[in-house]
Amino acid sequence: MVLIPVISKLNGKRVVLASASPRRLEILTNIGLQFEVVPSWFKETLDKTLFKAPYEYAVETAKQKALEVAQRMPLKHLKTPDIVIGADTVVTVDGVILEKPIDKQDAYQMLSRLSGKEHSVFTGVAILLCNEREGELTVDFYEETKVKFAELSEEMLWEYINSGEPMDKAGGYGIQALGGMLVEYVHGDFLNVVGFPLNHFCKQLSAIYIKPSESPTHKIKGEDSAVSAASRTSEQDMVGPSYTKSNNEGLPHNIVDLLDGFKASKTLFTACRLKVFDVLRASEGLRVKVAAERIGASVTGTERLLDAAVSLGLLHKLGQGENTEHASQFLVTDSPLSLHGYILHCNNVVWPLFTHLESAVREGTNQQERAFGKKTGYLFQDGYFKKDEVEMQFLNAMHSTAKVTGRAVATAFDLSGFKTACDVGGCTGAMAYEFIIAHPGLSVIVFDLPTVIEMRSHFLPGEQNDSVSFVAGDFFKDDLPKADLYILARILHDCSDEKVDELLSKLSKACTTGCAVLLAETVLDEAKTRASRAYMQSLNMLVQTEGRERSSAQYKQLLESHGFSRMRVCHTGNFLDAILAYKQ
Ligand SMILES: Cc1cn([C@@H]2O[C@H](COP(=O)(O)OP(=O)(O)OP(=O)(O)O)[C@@H](O)[C@H]2O)c(=O)[nH]c1=O
């Protein structure tokens with residue numbers, strides 16, 4: 001059985017199917033593969049005219065689906081996959097690519113085109129090997145199957161369309177179900193039509209994981225393939241994998257990625273500083289020369305920057321010059337969830353600090369003085385941060401991350417037992433607004449420094465809400481507003497251990513039995529099994545502040561030492577996790 005040796009090679013690896021297709025799920029489940037399903041958010045809108053053959057379009061779409069999941073998982077799921085499988089099935093007839101019908105009329109058009117004719121079904125597959133020791137591989141391939149429909153009467157067409165079966169299937173039919181009645185013959189892999197060329201997939205996995213001495217008797221790529229002739233087309237042999245090794249001589253992909261990681265970050269930061277995503281949103285399909293003029297940069301530099309952004313999945317292929325969905329959602333300056341402010345903070349503050357990481361590691365102290373010539377005690381009380389433009393930039397950063405993380409934190413726990421919350425250091429109120437949306441019975445007092453409260457009008461949402469109020473004060477020096485729930489989002493991780501104890505003991509005194517604290521922080525993965533964003537964030541606190549990130553066990557010990565118990569942790573899968581603990 002060609003697959004059995006491969007399955008043992010996959011044991012212990014985190015295999016992810018980047019597909020919402022129930023048929024693909026069934027096909028891979030039936031062979032006993034252990035895998036997770038993480039449907040891809042990649043929108044299948046690639047410009048078909050940019051591809052010289054339909055299978056190229058299917059393979060590129062499959063690759064983008066897999067890439068999107070491989071890039072999103074470490075961030076949103078806080079876990080890195082080892083293998084991500086993407087697939088895309090298209091039907092082609094008379095040179096036209098048919099994907100899933102948008103409505104019944106579209107399904108009618110498609111099926112009418114297919115009636116009485118032979119057509120091709122192409123499934124493109126991409127296998128991303130994310131954590132291979134011998135180097136990263138992006139294996140992609142496609143399979144073609146020929147299918148012929150019988151002549152379909154109007155009555156049969158509409159009866160089939162009204163069954164509803166066509167609507168989530170390429171070409172508007174499902175050969176494995178009612179659609180089978182429409183088919184006169186199939187030449188090639190039947191499962192490839194259903195949505196996943198299982199045999200071809202197994203052969204590729206064998207080629208990757210099984211040494212030639214172990215491999216079953218089959219060859220691929222133009223040799224005496226065991227693949228049935230019917231699944232080949234006249235103009236080609238079965239297409240073997242196109243390996244794109246991300247490095248030569250098997251340099252471990254993670255080292256190569258890390259070598260290039262800072263260049264990728266700087267590409268994103270520079271594109272945001274130049275407002276590339278705003279310019280491309282204003283006029284889609286912008287040519288490089290015009291884009292260069294609009295961002296005030298050289299044509300050469302703009303061309304390379306845009307190409308790099310395309311390679312990072314931030315922009316669609318050049319020639320369209322269009323933002324991807326994520327760029328439109330998070331990278332233009334004025335989208336509701338824009339991270340633009342945070343990215344500028346990373347570029348202008350975090351980046352210069354990280355250039356002194358070695359000194360931070362050697363000395364165990366933040367590098368504000370080396371980076372900005374300012375010795376600072378508690379970060380935000382320092383004069384340096386009192387300058388309007390620096391403080392506004394910092395508030396922009398905190399505001400944008402609070403908007404992106406607020407919903408996840410606010411909905412982490414059932415807070416129906418609380419009436420009044422105090423968002424300690426609640427900055428612009430972005431998080432507070434998410435809490436009152438998630439918990440209509442809650443009112444939130446945002447408590448922060450006077451300069452921050454004064455600047456809040458720059459960030460407030462259009463509509464005001466009486467459930468959110470703002471009180472100016474210094475949470476170390478002044479009394480805290482009375483509340484039965486105290487929210488601290490990214491506060492403790494900035495403070496030295498002494499400052500943390502000072503603040504928590506103040507909170508403990510302010511809380512009566514049954515009151516609670518809700519912390520929003522990046523919780524360290526205690527098993528330390530994978531480099532997670534939390535450990536990067538932990539270094540971030542070293543270079544920036546006197547604080548640090550903590551694991552669940554450390555938060556439990558810390559909170560209990562200040563009289564808070566029954567601690568619960570919610571790993572939100574977003575930037576921030578949530579921790580709730582009650583005053584004894
Ligand atoms: C021709 C044919 C197609 N399909 C299904 O059509 C969808 C194609 O769309 P896709 O974009 O490749 O996949 P998806 O379903 O949108 O999922 P995703 O991978 O998340 O894009 C897949 O489901 C396939 O099984 C059948 O079930 N039977 C058939 O005979």
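**Close-up views of the ligand site**

**View 1. The residues around the ligand.** In this predicted model, the ligand is surrounded by 21 residues, the closest being Ser19, Arg24, Lys65, Lys100 and Val194. Sorted by class, this shell holds eight charged, seven nonpolar and six polar residues.

View 2. The side chain of Ser19 places an N or O atom 2.7 Å from an oxygen atom of the ligand. For Arg23, a side-chain N or O atom is 2.9 Å from a ligand oxygen atom. For Arg24, the corresponding distance from a side-chain N or O atom to an oxygen atom of the ligand is 2.7 Å. On its own the ligand has 600 Å² of accessible area, and the protein covers 94% of this area.

**View 3. Secondary structure elements at the ligand.** Three elements, helix 2 (22-30), strand 3 (83-93) and helix 6 (190-194), each contribute at least two residues to the shell around the ligand. Strand 3 contributes the most, with three residues.

View 4. The ligand sits in the second largest pocket. This pocket has a volume of about 500 Å³. Its lining consists of 29 residues, and those nearest the pocket centre are Ser21, Arg23, Arg24, Lys100 and Asp168.

**View 5. Make-up of the pocket lining.** Helix 2, strand 3 and helix 6 are the elements that give two or more residues to the lining of the second largest pocket. Strand 3 provides the largest share of this lining, four residues. By class, the lining comprises 13 nonpolar, nine charged and seven polar residues. Strand 3 also gives the most to the shell around the ligand.

Key: Residues are numbered from 1 along each chain as its sequence is written. This is a predicted model: local features need pLDDT of at least 70, side-chain atom pairs count only at pLDDT 80 or more; totals for chains, interfaces and linings use all residues. Side-chain values use heavy atoms; hydrogens and water are left out. A residue is near a molecule or strand if one of its heavy atoms lies within 4 Å of it. A polar contact is a pair of N or O atoms within 3.5 Å; within protein, one must be able to donate a hydrogen and the other to accept it, and residues adjacent in sequence count only if both atoms are side-chain atoms. Accessible areas come from the Shrake-Rupley method with a 1.4 Å probe; for residues, only the protein chains shown count as cover. On a 1 Å grid over the protein atoms alone, a cavity is a set of points where a 1.4 Å probe fits but cannot get out, and a pocket is an open set with protein on both sides within 12 Å along at least five of seven lines; lining residues have an atom within 4 Å of a point. A molecule sits in a cavity or pocket if more than half of its atoms lie within 2 Å of its grid points. Ala, Val, Leu, Ile, Met, Phe, Trp, Tyr, Cys and Pro count as nonpolar, Asp, Glu, Lys and Arg as charged, and the others, Gly among them, as polar. Grid points are joined across faces, edges and corners, and a volume is the space filled by probe spheres set on the points.
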